[in-house]
Amino acid sequence: MEERSRKRVKIIGFDGVFGMDHTEEDKVMDIELSELYEFKDHPFRVCDDKKMYDLAESIKTYGVLTPGIVRPRKGGGYEIISGHRRKRASEIAGKSKMPVFCKNYTDDEATVVMVDANLQREEIVPSEKAFAYKMKYEAMKRTKKRGDGRTLHNIGVQNGESQKTIQNYIWLTRLNSELMGMVDAGEIGIKQAVNLSFISIKGQEIIREILTENNCNISYGMSKRLREITEDEFTRDNVLKIINPAHATAKQEIRKDIHIDFTADEIKCFFPNDSSVEEIKESIIEMLNEKCGNGCHKSDTEKCGNGCHKSNNGKSQQDTNMKGE
């Protein structure tokens, strides 16, 4: 049953990108694990976590049900395009071989297939997506068929993202490894990280030191102001004036039990019809952050003790908003 299903599989991951047409049926090969090598600059992590060991148990019992994708490697062996986790799980399961499709892809073709195959995974951290999109962008820019000035748009369409979202992720690759790690850990938001990516590596290191030393987070307003100052002004003292530990939000462990749901009818009037879930989420976070750089609302109002803001005439902002409805 499994062998029959394998022979029916068609690998068409890059057809929509490069316009290629394959008429020959792909053949499955069983390759020694020692002959399989990691894709150059592979941006996706392969971790020995619970899911990996669950996959290994499945492979131990049933074998690898979905063949990987490889191509001949200069110097011998094969380069894995899709199947890095399956290879590792096969090693844990004590297997010596793995079924694969062998394709004669060019570097750019292989890059696009590798990215698209791995972006289907359920859990991807921002750095993985950022470097994956960058690799795909550069590969598509090098192809004549996609050199139409719409590469970002095309990638967005193919991956269910907006052009702006794709560009934002690519900008993240300019962050130093420490700040990128903080983004992956959820300590720095995507919008804040995009602003920080426009700052020099020296400036990024100053920001990282201050955030780490004072155990605080950075708001969207702070990141925006940091992006606007010149390189000459980028001193530790000036950065401290913006990221004021006395007013910055201290890091707290996020409650794992918080889950807020909105129906499409409740929020559809606030966003374009073609907005993705990720875009809606980012927009909401950005709007909340833009209220103020330090977590409160920007205005000439006074804080009250109940978490809302009272205007100078003593009426709460909520009362004012209700009258305007």
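Which residues in helix 5 meet which residues in helix 6? Let me start there and then walk around the rest.

Quick housekeeping. This is a predicted model, where local features need pLDDT of at least 70 and side-chain atom pairs count only at pLDDT 80 or more, while totals for chains, interfaces and linings use all residues. Residues are numbered from 1 along each chain as its sequence is written, and side-chain values use heavy atoms, with hydrogens and water left out.

Okay, the helix pair. On the helix 5 side we have Asp108, Thr111, Val112, Met114, Val115 and Asp116, and they meet Ala132, Met135, Lys136, Ala139 and Met140 of helix 6. Contact here means heavy atoms within 4.5 Å. Helices (H or I, at least four residues) and strands (E, at least two) are DSSP runs, numbered from the N terminus. That helix 5 to helix 6 contact splits into seven nonpolar, one polar and three charged residues. For those classes, Ala, Val, Leu, Ile, Met, Phe, Trp, Tyr, Cys and Pro count as nonpolar, Asp, Glu, Lys and Arg as charged, and the others, Gly among them, as polar.

Now the geometry. Helix 5, residues 107-118, packs on helix 6 at about 150°, with the axes 9 Å apart. The axes are lines fitted to C-alpha atoms over the stretch in contact, and angles run from 0 to 180 degrees between N-to-C directions. So helix 5 is roughly antiparallel to helix 6, the label for angles over 145 degrees; under 35 is roughly parallel, 65 to 115 roughly perpendicular, and the rest oblique.

Helix 6 has another partner, helix 7, residues 151-159, at an angle of about 125° and with axes 10 Å apart. That angle is why helix 6 is called oblique to helix 7. From helix 6, the contact uses Tyr133, Lys136, Tyr137, Met140 and Lys141, and from helix 7, Thr151, Leu152, Asn154, Ile155, Gln158 and Asn159. By class, that is five nonpolar, four polar and two charged.

On to the cores. The largest nonpolar core has 46 residues, and Leu172, Ile188, Leu196, Ile207, Leu226 and Ile243 have the most contacts inside it. Helix 6, residues 126-141, gives this core its largest share, six residues. A core is a set of buried Ala, Val, Leu, Ile, Met, Phe, Trp, Tyr and Cys residues joined through side-chain atoms within 4.5 Å. Buried means under 20% relative accessible area, exposed over 50%, and partly exposed in between (1.4 Å probe, protein chains only). There's also a second, separate core of 13 residues, including Leu33, Ile59, Val70 and Ile80.

Helix 4, residues 84-92, has His84, Arg86, Lys87, Ala89 and Ser90 as its buried residues. They pack against strand 2, helix 3, strand 3, strand 4 and strand 5. After helix 4 comes Gly94, with a positive phi near 85°.

Is Glu282 buried or exposed? Glu282 sits in helix 15, residues 277-289, and it's buried, at 8% relative accessibility. Beyond its neighbours within four places in sequence, Glu282 contacts Thr165, Tyr169, Ile190 and Lys191. Glu282 and Lys191 are 91 residues apart in sequence, yet 7.6 Å apart C-alpha to C-alpha.

Then there's Pro72 in strand 3, partly exposed at 41% relative accessible area. Not counting residues up to four places away, Pro72 touches Gly77, Tyr78, Cys102, Lys103 and Asn104.
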